[in-house]
Structure formats: structure tokens, C-alpha cells
Amino acid sequence: MPLILETIVTTLSPAGELHLVPFGLIQDGTDLILAPFRPSPTILNLEASPCFAASSPRDVRVIAGCVTGRRDWPVVPCHRIRGRRLADSFAHAEFEVVDVEEDPVRPRYRGRMVHEASHAPFLGYNRAQGAVLEAAILSTRLHMLEPEKILSEMRYLAIAISKTAGPREREAWDWIEDKVAAALGRDDRILANPDAA
Ligand SMILES: Cc1cc2nc3c(=O)[nH]c(=O)nc-3n(C[C@H](O)[C@H](O)[C@H](O)COP(=O)(O)O)c2cc1C
């Protein structure tokens with residue numbers, strides 16, 4: 001399996017509107033492959049303007065926010081491509097699409113890096129941030145998974161939240177818990193009452 005980097009991808013519509021979403025970029029040599037499922041605004045934007053930026057967010061609420069209807073995060077202009085990137089990021093890179101593998105379900109856009117820059121020091125991994133990342137991905141697959149599978153994964157991830165989260169991670173987790181609870185028709189929250197889950 002190739003390495004996959006979870007990033008915040010930004011593209012621009014032909015009208016110049018920003019589209020900001022989390023994507024796992026697949027490493028292939030020195031290129032990174034962006035593979036959105038159809039239908040997708042990212043695909044429409046790439047067809048009109050074949051370039052994108054990928055940012056590593058410092059605040060994990062950006063990832064949780066994007067999958068819970070909160071996409072209005074500060075951005076700044078890109079350096080080499082027409083576009084904008086997430087402002088509060090450890091680093092970002094800009095890509096031009098040099099090849100497209102068409103597919104009716106999930107086309108693959110090969111991004112060649114034309115610029116990269118670091119913006120903030122990275123001091124260490126945090127388990128709660130990893131748990132929010134996993135829960136965010138889980139929350140985009142609720143329609144494909146059995147409720148018991150969703151709840152057992154959330155129960156496990158909640159351990160890292162309860163032990164290692166700061167306020168931002170906690171808030172991000174709460175957004176995802178609300179989404180999962182609404183989808184499953186639940187009133188209580190796993191973190192508040194793990195035994196009831
Ligand atoms: C960490 C993370 C990684 C994701 N990676 C992908 C991906 O590689 N492909 C995809 O289609 N959706 C992925 N998703 C889901 C998309 O972010 C979400 O469905 C988004 O709305 C799709 O972008 P679009 O609005 O341009 O279609 C990911 C979500 C998260 C939280």
C-alpha cells in the first residue's frame with residue numbers, strides 16, 4: 001500500500017470561489033495523487049483549473065469542521081498557482097495536475113509539486129488529533145457502515161480524546177459526535193457516557 005497523507009485540499013471554481021476539503025493524497029514517487037469520488041466540486045474545479053494546494057492544518061477543528069458543515073477557515077494566496085491555501089498550517093505545497101486517470105467512480109489526478117513551504121514548527125504527535133482524524137473519516141462513511149461498527153470505533157477513539165485532548169480537539173470531537181448521534185438517532189454522547197454506547 002502507498003503512503004497516504006491526510007491534508008486540506010483547496011481548489012478554485014471558475015468564478016474564483018474557494019473549495020476547501022480534507023483529502024488523503026496518495027504518494028507515488030515524488031508526485032501526490034488526488035482521488036475524489038464522483039460527484040465532486042473538486043473534480044469540476046480541477047477540470048476548469050488543473051491545480052490545487054494541500055495544507056497540513058495546525059488546528060484539527062479544520063478537518064472535523066469540513067465534514068460537519070464548517071468550511072469557512074482563513075486562507076491566504078498561493079505562491080505559484082492560481083489559488084489559496086489554509087492560513088494556519090504547519091506547511092503547504094502547491095501542485096499542477098500533469099495527468100488524469102479517468103474513472104466513472106473515482107478519477108485520479110496526478111499532482112506535480114511546484115512549490116512547498118513550512119510555516120510553523122511541529123513539536124509532536126497527539127493521540128486526540130489522530131482520533132479526531134479517524135472519527136472525521138468515519139463520519140463520511142456512516143451510510144456504508146453498521147451502527148454497531150461505528151459505535152465500537154467511536155468508543156475506542158474516545159479513549160484518546162478523554163486522555164489527551166486540548167480544548168480544540170475536544171470541540172472537534174463534539175462536532176463529530178453530534179453528526180454521528182444525529183445519523184444514528186441517539187440522544188447521548190459516547191465521551192460523556194462511554195458505558196452506555
Ligand atoms: C481525513 C479525510 C480524508 C478524506 N479523503 C478523501 C479522499 O481521498 N477522496 C474523497 O473523495 N473523499 C475524501 N474524504 C471525504 C471528503 O473530504 C468529503 O466527502 C468532501 O465533501 C469531498 O470533497 P468534494 O466536496 O470536493 O466532493 C476525506 C475526508 C477526511 C476527513
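Biologist: Is Asp31 buried or exposed?
Modeller: In this predicted model, Asp31 counts as buried because its relative accessibility is 5%, and the cut-off for buried is under 20%.

Biologist: Which residue does Asp31 form a salt bridge with?
Modeller: Asp31 pairs with Arg112, and the closest N and O atoms are 2.8 Å apart. The pair links distant parts of the chain, with Asp31 in strand 3 (residues 31-34) and Arg112 in strand 8 (residues 108-118), 81 residues apart.

Biologist: And Arg112, how does its accessibility class come out?
Modeller: Arg112 counts as partly exposed, because its relative accessibility is 42% and that class lies between 20% and 50%.

Biologist: Why can such side chains pair?
Modeller: Side chains of opposite charge can pair when their charged atoms come close.

Biologist: How many salt bridges does the count come to?
Modeller: The count comes to 14 salt bridges.

Biologist: What about Glu102, which residue does it form a salt bridge with?
Modeller: The partner of Glu102 is Arg38, with 3.2 Å between the closest N and O atoms. This pair also links distant parts of the chain: Glu102 sits in the loop between strand 7 (89-101) and strand 8, and Arg38 in the loop between strand 3 and helix 1 (41-48), 64 residues apart.

Biologist: Is Glu102 buried or exposed?
Modeller: Glu102 is exposed, because its relative accessible area is 57% and the cut-off is over 50%. Arg38, at 34% relative accessibility, counts as partly exposed.

Biologist: Moving on, where do the side chains of Glu148 and Arg155 stand?
Modeller: The side chains of Glu148 and Arg155 meet in a salt bridge, at 3.0 Å from N to O. Glu148 is partly exposed, with a relative accessible area of 48%, and Arg155 is partly exposed as well, with 27%.

Biologist: Changing topic, which residues does UniProt list for the domain DUF447?
Modeller: The unreviewed UniProt entry lists residues 6-119 and 126-177 under "domain: DUF447".

Biologist: What are the helix and strand percentages of residues 6-119?
Modeller: Residues 6-119 are 12% helix and 52% strand, and the end C-alpha atoms of this span lie 17 Å apart.

Biologist: And over residues 126-177, how much is helix and how much is strand?
Modeller: Residues 126-177 are 81% helix and 0% strand, with the end C-alpha atoms 19 Å apart.

How values were computed: Residues numbered from 1 in each chain as written. Predicted model: local features only at pLDDT ≥ 70, side-chain atom pairs only at ≥ 80, totals over all residues. Heavy atoms only, no water. Salt bridge = Lys/Arg side-chain N within 4 Å of Asp/Glu carboxyl O. Helix = DSSP H or I, 4+ residues; strand = E, 2+ residues; numbered from the N terminus. Buried < 20%, exposed > 50% of the residue type's maximum accessible area, 1.4 Å probe, protein only. UniProt positions renumbered as here; feature names shortened; annotations may be inferred.
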